[in-house]
Amino acid sequence: VMNKDKTHPIAVMGLGLGGAAASPRINENLAALFKCVDAVCAGKPQFEAFDAAIPAGVEKLLVDADITGLIRRLRERQAKGMRILALTGGDPLFFGLGATLSRHFPPGDLLIYPAVSSMQEACARLALPWDNMRFVSLHGRFKSHDSPWLELARASMSGRPGCLLLDANVQISLVASFLLERGRKAY
């Protein structure tokens, strides 16, 4: 798909929870896609999984804490007419790279390919309907977000069931203490 101004939308593909191990078909399809793009944008885990399949000459743009710099680099490459594929774990629009990019690029500049998110998978495994859940992410938020605890506090007061996404930098004991100190024993 090409816009009138000769730029291509950034394709943002969710890999689901399995990532590289999800299926050989995903790996085959990605290997074919890598041959059709000028740049691949991904986090360290995705590059570790797929690095060998990315052809020489395809630029690699690392997703890291410098989101402002990444947005700038993506805009520059898109303006040059480069075809960009961004890979994400889980669903790109659920607290992911796709959600971040959607705040910086108009809808016509993005093609989003969704996948199952970790929260959706957790609800499925527990047979919990998730249409009324409050979802809060503390994943990667302590470097780029002013008050990740505020979102958790609001969610715990909503009276709705909730799911919390963490990373290795957030100890569950800190979350439990935070909630218990506020009288949220059932959350």
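Predicted model: local features only at pLDDT ≥ 70, side-chain atom pairs only at ≥ 80, totals over all residues.
Residues are numbered from 1 along each chain as its sequence is written, and side-chain values use heavy atoms, without hydrogens or water. Local features need pLDDT of at least 70, side-chain atom pairs count only at pLDDT 80 or more, and totals for chains, interfaces and linings use all residues.

An open sheet is formed by 5 strands in the order 3-2-4-1-5, with parallel pairing. Helices (H or I, at least four residues) and strands (E, at least two) are DSSP runs numbered from the N terminus. Two strands pair if DSSP finds at least two bridges between them. Strand 3 (59–62) and strand 5 (110–113) are the edges, each pairing on one side only. From one strand to the next, the twist averages 20 degrees. Strand 2 (residues 39–42) is joined to strand 4 (residues 84–88) by 3 bridges. A39 has I84 in strand 4 as its bridge partner. Helix 3 (residues 67–79) lies across strand 1 (10–14), strand 2, strand 3 and strand 4, at about 150 degrees to strand 3. Axes are lines fitted to C-alpha atoms, for helices over the stretch in contact; angles run from 0 to 180 degrees between N-to-C directions.

**Cores.** A nonpolar core is a set of buried Ala, Val, Leu, Ile, Met, Phe, Trp, Tyr and Cys residues joined through side-chain atoms within 4.5 Å. Buried means under 20% relative accessible area, exposed over 50%, partly exposed in between (1.4 Å probe, protein chains only). The largest core has 15 residues; I10, C41, L74, L101 and F105 touch the most other members. Helix 3 gives the largest share, 3 residues. Another core, of 14 residues, lies apart from it and includes A11, M13, L15 and L30. Beyond its neighbours within four places in sequence, F105 contacts (heavy atoms within 4.5 Å) I10, I71, L74, R75, Q78 and L110.

**Cysteines.** The structure holds 0 disulfides (cysteine sulfur pairs within 2.5 Å). For C123, the nearest cysteine sulfur is that of C163, 3.9 Å away.

| Residue | Relative accessibility |
|---|---|
| C41 | 0%, buried |
| C123 | 1%, buried |

**Helix 8.** Which residues of helix 8 are buried? In this helix (residues 172–181), they are V175, F178 and L179. They lie on the same side because they cover an arc of only 90 degrees around the axis, taken from the directions from the helix axis to the C-beta atoms. Their cover includes helix 7 (148–156) and strand 7 (162–165). Exposed L180 and E181 sit on the face turned away from the buried side. G183 follows helix 8, with a positive phi near 75 degrees.
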